[in-house]
Amino acid sequence: MTRPTPKEIKAIADVAGVAVSIEVATRIANSIGPAFEGFAPVAGTLPLDLEPATFVVVQAAKTPKKAAK
Amino acid sequence: MNVHQMSTEPALMSLTSIAQAIAEKRLSSREATQSCLDRVAQWQPRLNAFMAIEAEEALAAADAADAALAKGNNDGALHGVPLAHKDMYYDAGKVVTCGSRIRRDFVATVNSTALQRLKDAGTIRLGSLQMAEFAYGPTGHNTHYGPVHNPWHVDHITGGSSSGSGAAVAARLTFAALGSDTGGSIRMPAHFCGVTGLKTTVGRISRAGAMPLSQSLDTVGPLARSAEDCALLLALMAGADPEDPTAVTGPVPDYNAAARQSMKGLTIGVPTAFYVDDLDAEVARILDETIAVLKREGAHIVQVELPDQRQLTAACQLVLAVEAAAFHKRWMIERPQDYGPQVLMRLQNGLAIPGVSYLEVMRWRGPALSAHLAAVAGVDAVIAPVAPVAAPTIAESDVGNSPNAEAVIQRLTRFTRPINYLGLPSLAIPVGFTHSGLPVGMQLIGRSFDEAMLLRIGAAFQRATDFHDRIPKFA
């Protein structure tokens, strides 16, 4: 996952139906860019058999405390 | 100035105490309500904590509650207790602004489930509380209605987005208040204002009738004067709801009983990194002092090595940005001029994130939670700062005017967002004060749906300390 450029952001926003100027797109790129970079180590590494609902399964599982090391 | 007050003024009593006093007819609902209204009249010009004050209606409801009690009709655990809540909980027939210009005249047609359950327990309405516009701001600024001021130092922020809730509970204008926490919006006002705030597990309390910001991250929870009071409120609100399929089914634990237990023999983890990095010196000192109290009360303290929290923070930011933008898309097209500049800019951030990237972040949520739970397998809870600093000033955190504001916001939310992405419960409790008199809070982070453990530790800590009993003085 790489940080989108202002030009790409402008295009994505236009497709979404919320047009933004190139100045706004540049501001967005600077603002959200660090989040893309923060998630980059995970991006592209997930296995096929993983869907968002896995979260609910993990959340509902009983996870009792184990003896501390 | 920090003053520990012992007083017979009804508004200064805890939620648990006032409910008991009214039920036992030692105090009337009118006396409790008038006491709160007197404090509201005194503090509101200085704090701007209330969005709407409904004095006449509140007193009429209090009289009705007293009359009902005189006839032997007790509505529930909070009969006749006056409360005010963040102005995003739908209350049929009432204007619910959501802190916005866009919804300045929006009249709710339904009651939110959380609010309805508190009404069913007998509470009455004092009015509504200020908040960040559409709950999308961590400081307490609001372009349309002005900033909420911190009762401990009025030129400092309250934190947000539940800004009015934090200020009003701290100043004893209401016995408790609902907030909401999507990225830290209960815990930060609790930390900055010196009150107790419970961010619940995603799914613990129904979100039906609460203004949405992010369907994956939004949580409903209370800000109150103690963990004991939070337990009382959670017990009333938790549980399944046919109006919200994400609210989990199954039995609700006895939170009130949990809050009466000691912490002796429990194991509490202190993170080895991230949450202890780059702390303000006073926050670091207070963390050490907090750990010393936990040890003294019989808890075992161990270090825990958590997975990379920076990735969780980034994931939270990406999810929140997309979901908030999706909720607001229509108004972003039709009424962009009616948003505050900061909120509009933050909503626009969500436009930059492709669908595949969003789903990738959502797919990782299960493994990320699994990794966290494995890391904390040996402890009952983790203790960490809510924020690396005490409340900054309103001026220095004003995004509209300060070139450093974005950095200030990111720094403020650094320790809260990972918990929202993981959907975990977290209880913020006041644990000390800076030398300049600003409160500092710590968060106890638990396993999914284990709010009872956090309330147990929090209440035990508060039986051993008095930070939660201190009241800002009106000077």
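Strand β4 (residues 124-129) of chain B is mostly covered, with 6 of its 6 residues buried. Buried means that 20 or more other C-beta atoms lie within 10 Å of a residue's own; exposed means 12 or fewer, partly exposed is in between, and C-beta atoms are placed from the backbone. Strands (E, at least two residues) and helices (H or I, at least four) are DSSP runs, numbered from the N terminus.

This is a predicted model: local features need pLDDT of at least 70, side-chain atom pairs count only at pLDDT 80 or more, and totals for chains, interfaces and linings use all residues. Residues are numbered from 1 along each chain as its sequence is written, while chains are lettered from A and ligands numbered from 1 in the order in which they are written.

**Strand pairing around β4(B)**

Strands pair if DSSP finds at least two bridges between them.

| Partner of β4(B) | Sense | Bridges |
|---|---|---|
| β2(B), residues 50-53 | antiparallel | 3 bridges |
| β3(B) | parallel | 5 bridges |

In β4(B), Ser128(B) stands opposite Ala52(B). Gly127(B), also in β4(B), stands opposite Ala84(B). From β3(B) the chain crosses through α4(B) to β4(B), a right-handed β-α-β crossover. Right-handed means that, with the strands pointing away from the viewer, the path from the first strand over the helix to the second runs clockwise.

**Helix α4(B)**

Helix α4 (residues 113-120) of chain B is largely enclosed by the rest of the structure, because 6 of its 8 residues are buried. The buried residues are Thr113(B), Ala114(B), Leu115(B), Gln116(B), Arg117(B) and Leu118(B). Their cover includes β3 (82-86), β7 (176-180), β9 (220-224) and α7 (227-237) of chain B. Just after α4(B), Gly122(B) has a positive phi of about 110 degrees.

**Ile268(B)**

Ile268(B) sits in strand β10 (residues 267-271) of chain B. It counts as buried because it has 22 C-beta neighbours inside 10 Å. Which residues does Ile268(B) contact, leaving aside neighbours within four places in sequence? They are Leu294(B), Ala299(B), Ile301(B), Val379(B), Asp380(B), Ala381(B), Ile383(B) and Ile457(B). A contact requires C-beta atoms, placed from the backbone, to lie within 7 Å. Gly72(B) is 196 residues from Ile268(B) in sequence and 46 Å from it in space, C-alpha to C-alpha.

**Chain A and the interface**

Chain A has 3 helices and 0 strands. Its pattern along the sequence is α-α-α. The radius of gyration of chain A is 19 Å, well over the 11 Å that the globule rule gives for 69 residues, so chain A is more spread out than a compact globule. That radius is taken over C-alpha atoms, and the rule is 2.2 Å times the number of residues to the power 0.38. Along its principal axes, the C-alpha trace of chain A spans about 55 × 25 × 20 Å. Of its 69 residues, 26% count as buried.

Between the chains, 40 residues of chain B are in contact with 36 residues of chain A. On chain B, the elements giving two or more residues to this side are α10 (309-334), α11 (341-349), α12 (355-363) and α13 (365-375). α10(B) gives the most, with 11 residues. The chain B side divides into 20 nonpolar, 12 polar and 8 charged residues. Here Ala, Val, Leu, Ile, Met, Phe, Trp, Tyr, Cys and Pro count as nonpolar, Asp, Glu, Lys and Arg as charged, and the others, Gly among them, as polar.

**Confidence**

The model scores ipTM 0.94 and pTM 0.96. Mean pLDDT (the predictor's confidence in each residue, from 0 to 100) is 95 for chain B, and 96% of its residues reach 70 or more. Over residues 1-6 of chain B, pLDDT is below 50. Beyond near neighbours in sequence, that stretch has 14 contacts in the model.

Conventions. Contact = placed C-beta atoms within 7 Å.
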